[in-house]
Every structure is written in C-alpha cells, then in structure tokens.
Amino acid sequence: MSWTEELAHEVEGQVLTDDASREAVATDFGRLVVRKPGAVVRPASAQDVVSVVKFAGKHTLGVSTRGGGHSQTGQSLSEHIVLDMAALGQVHHVDEEGGTVTCQAGLKWRSLVEQLAPQQLSPPVLTNNLDVTVGGTLSSAGLGVASWRHGTQADNCLALEVVTGAGEIVRCSADQNRELFDAVRAGMGQFGVITEATLKIRRHRPKFRSYYLLYDNLNFLLDDLQTIMTDERFDYLESWCAPCAQGFRKVGPAHTPFAQWFFPLHASIETDGVDVPDTTRKLRSLRFYKHVDVEDGEIDARLDDSELLLARTKELIGNLSAGGEIGAFGRLCDAALLDQ
Ligand SMILES: Cc1cc2nc3c(=O)[nH]c(=O)nc-3n(C[C@H](O)[C@H](O)[C@H](O)COP(=O)(O)OP(=O)(O)OC[C@H]3O[C@@H](n4cnc5c(N)ncnc54)[C@H](O)[C@@H]3O)c2cc1C
C-alpha cells in the first residue's frame, strides 16, 4: 500500500491524489516556487489535522498548512502533504455583547465580513485582500489600514486552538499556554496548525469619507502622519510611493531613465452619513502637494471594490509571469524603479 492510500485510512476528510487537485495547490500567488504535493488533505476536523501531523511524523513526510495560498514565496507548498485548511471554514459563535467571534481557521475573511455585516459588526483590522484565511493572516500578522490604531490582526486575536507538532490539540491565549500563543501568531505555520480562533469584533458605522491626498515631499508626509495619528482625526490610513517617470538623463556616457517620486495618502473616516465631516478641520495644517479627491460611500461597497482590485492585481501578475506585455510606460517605470 502506498503512503497516500495509508493516509486515506487515517483521515475522515478527503485525501486527494488526482493530478488536478495536486496541481491546484502546487504554487501560490507569487508563482515563483512550484512544489507539487503527493497528497492534498481536506480535513473534516481538528482531529484529522492531528492524524495528518502524526502520520507525517511517523513516515518522515513534510506537511504544509495552506489557507488561501496568497503568500508569495512558497510558504504554503509541500512536496508531500498539503493541508488545505479552506475545508474548515465555519463561523462557530458570534458574541455581539462581548465583541468576539469564534471561527475555524480556514474561514476566508471575506466570508466572515459578509456574515457579520447584517449586525454592522466587523473585525477591527482587515487586510486589503479579503480572500485570505483567518489562519493565514494570523500566521503572518495581518496588517491593514486600521493597524496604526488597532495593531495587527494577530494582536486582535484572543484565543486559539492549535494542533502542535506533537499532534496534540492545545487551546492557548494570553492567560493559557502563552508561549504557544505567542509563537503561533505570526509564526508562518512553523509552530503548529491553527484550527480555530476567537477574534475581537466591533460595531462599525455604515459609511465612510475618504480624502485622497498627494505628497511630493516624504518628510512632510511622515510629519503629517505623526500629527494625524496623534490627534486621531482619521480612522483608516494608507500610503505608498509611486514613481513618475521623467524620461532619460545623461549619466556618464549613457542616457538613463529616472523618476520623481510621489506619495499618495488615503485618509478615511467612518461616518453615520448624517454629520458631514468638517473638511477644513480634518485637513488643517497638513502639508500635502494636492488634495486630489474626496469620496463618500458605503463601507460594504468599499469591501466589494477590494475584490475587483485583487482580480486586477492577479491578472497583472499572471501577465508578467507569463512574459506578457506591460507596455512602454510600464517598462519605463520598471527601469526607473531599478535606477533608484
Ligand atoms: C494581492 C495581495 C494583497 C495583500 N494584502 C495584504 C495586506 O493588506 N495586509 C497583509 O498583512 N497582508 C497582505 N497580503 C499578504 C497575505 O495576507 C499573506 O500572505 C497571508 O499569509 C495569506 O493568507 P492565506 O490564507 O492565503 O495563507 P497562505 O498563503 O496559504 O499561507 C501563509 C502562511 O501561513 C501558514 N498558514 C496558513 N494557514 C495556517 C493555519 N491555519 N495554521 C498555521 N499556519 C497557517 C502557511 O503555512 C504559510 O506559511 C496580501 C497578499 C496579496 C497576494
């Protein structure tokens, strides 16, 4: 009997060995690393995870825990066994008064958000990409536009159920098995498999206003960020840098592309839609180069947009990794980036 057949006898859930199932988990979002497993296990319970860990230990096989597979450099891949945690994706309990939700670790954040939305509840921190799992981002910390105030998603995790490398199911929190709790959060799947999590949730307001600001001076941006984080005048903050290609300049004998850097800042506030935020007060003393736009909308619609953005990013990465055309402007920006 092959090891995959033997494994199928140990597990209540599915053990998949067909080519399509193994191919589907042979790479991740980054598509840089390819590792096709011998078997994909879709566990039916935490007990199945125990069986897989013990089986792998006994047969000296590697196990990788996979959530949404959105990591970029092969962290969720294995040549032997991939534990497909998406099979464990249920919400177990919502405690509205206590402000907590308990769910299985393979649950996608998008599904959690959708299930909490009717009560106007949501986790304090959400990543830009919601098609990742609770276990996946707790394993990598999970940063979002509200992290400047609430920390990471791992900081907003109250308790975990974990299957350890010894194949034991252990509950841990700040008060119980603290060492395991601290190791597993942001542990990239190296210290145990998270099977269940209890997370903080909060009541949010239904609408938002976003100010789109553009900086041409990094020091001004950093000073302003310090100001607005200190006086807490916004709820969500997101910023990044973008090169504006300036063409070519002569460096030594060769003409070399160069860029001017700009720094967009999106500063958003949750609103109830009745009181209009006072723009003059919100933008007081900030030293941006341009106030590009202002947007009012529904929180739920904003989350839908993130799905669209993700699809576009995936499309772009797909094109690039397939040697696709990025266009003359793309190549110029690329060269400028390498030049900086
Ligand atoms: C387009 C895009 C946008 C992103 N935006 C953000 C962002 O805004 N903020 C941010 O913080 N991150 C962001 N990320 C990174 C992403 O959140 C992390 O890579 C995250 O770990 C992916 O979760 P996943 O469910 O896909 O996990 P996977 O990629 O499947 O796994 C990630 C790691 O976690 C481990 N793991 C997964 N599940 C478990 C479990 N149940 N128990 C133990 N270990 C487990 C895996 O073994 C692996 O090491 C983004 C990624 C992409 C591709």
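Q: Helix H3 (residues 46-59) runs at about what angle to E4?
A: Picture H3 lying across E2, E3 and E4. Helices (H or I, at least four residues) and strands (E, at least two) are DSSP runs, numbered from the N terminus. Axes are lines fitted to C-alpha atoms, for helices over the stretch in contact, and angles go from 0 to 180 degrees between N-to-C directions. On that scale, H3 against E4 comes out at about 170°.

Q: What kind of model is this?
A: Residue numbers start from 1 along each chain, following the sequence as written. Local features need pLDDT of at least 70, side-chain atom pairs count only at pLDDT 80 or more, and totals for chains, interfaces and linings use all residues, since the model is predicted.

Q: In the open sheet of 4 strands, what is the strand order?
A: Two strands pair if DSSP finds at least two bridges between them. The pairing in this sheet is mixed, and the order is E1-E2-E4-E3.

Q: Which strands of that sheet pair on one side only, and what is the average twist?
A: The edges are strand E1 (14-16) and strand E3 (63-66), each with pairing on one side only. From one strand to the next, the twist averages 25°.

Q: Which residue in E4 stands opposite Val40?
A: Strand E2 (residues 39-42) and strand E4 (residues 81-84) pair in the parallel sense, with 3 bridges. Across from Val40 you'll find Val82.

Q: Which residue in the turn between E5 and E6 has a positive phi?
A: Strand E5 (residues 91-95) and strand E6 (residues 100-104) run antiparallel, joined by 4 bridges. Val94 faces Val101 across that pair, and His93 has Thr102 as its bridge partner. The two strands make a hairpin with 4 residues between them, and the turn residue with phi of about 70° is Gly99.

Q: Which residue in E10 is opposite Thr100?
A: E6 also pairs with E10, antiparallel and over 5 bridges. Opposite Thr100 stands Lys200.

Q: Which residues come nearest to the ligand?
A: A residue is near a molecule or strand if its C-beta atom, placed from the backbone, lies within 6 Å of it. The shell holds 33 residues, and the nearest are Gly67, Gly68, Gly135, Gly136 and Gly189.

Q: Which elements give two or more residues to that shell?
A: The shell draws at least three residues from each of domain 1 (3-84) and domain 2 (88-203), with bounds from an automatic or database domain assignment. The elements giving two or more residues are E3, helix H5 (134-138), strand E10 (193-200) and helix H10 (299-321).

Q: How many shell residues are charged?
A: Ala, Val, Leu, Ile, Met, Phe, Trp, Tyr, Cys and Pro count as nonpolar, Asp, Glu, Lys and Arg as charged, and the others, Gly among them, as polar. The shell has 9 nonpolar and 22 polar residues, while the charged ones number 2.

Q: Is Glu232 buried or exposed?
A: Buried means 20 or more other C-beta atoms (placed from the backbone) within 10 Å of a residue's own, exposed means 12 or fewer, and partly exposed is in between. Glu232 lies in the loop between H8 and strand E13 (236-239), and its phi is positive, about 50°, although it is not a glycine. It has 9 other C-beta atoms within 10 Å, so Glu232 is exposed.

Q: Why does Ala141 count as partly exposed?
A: Ala141 is in the loop between H5 and helix H6 (147-150), with a positive phi near 95° despite not being glycine. Ala141 is partly exposed because the other C-beta atoms within 10 Å number 18.

Q: How far apart are the C-alpha atoms of Asn217 and Arg287?
A: Asn217 sits in the loop between strand E12 (207-215) and helix H8 (218-230). Along the chain the two residues are 70 residues apart, yet their C-alpha atoms are separated by 8.9 Å.

Technical notes: Contact = placed C-beta atoms within 7 Å.
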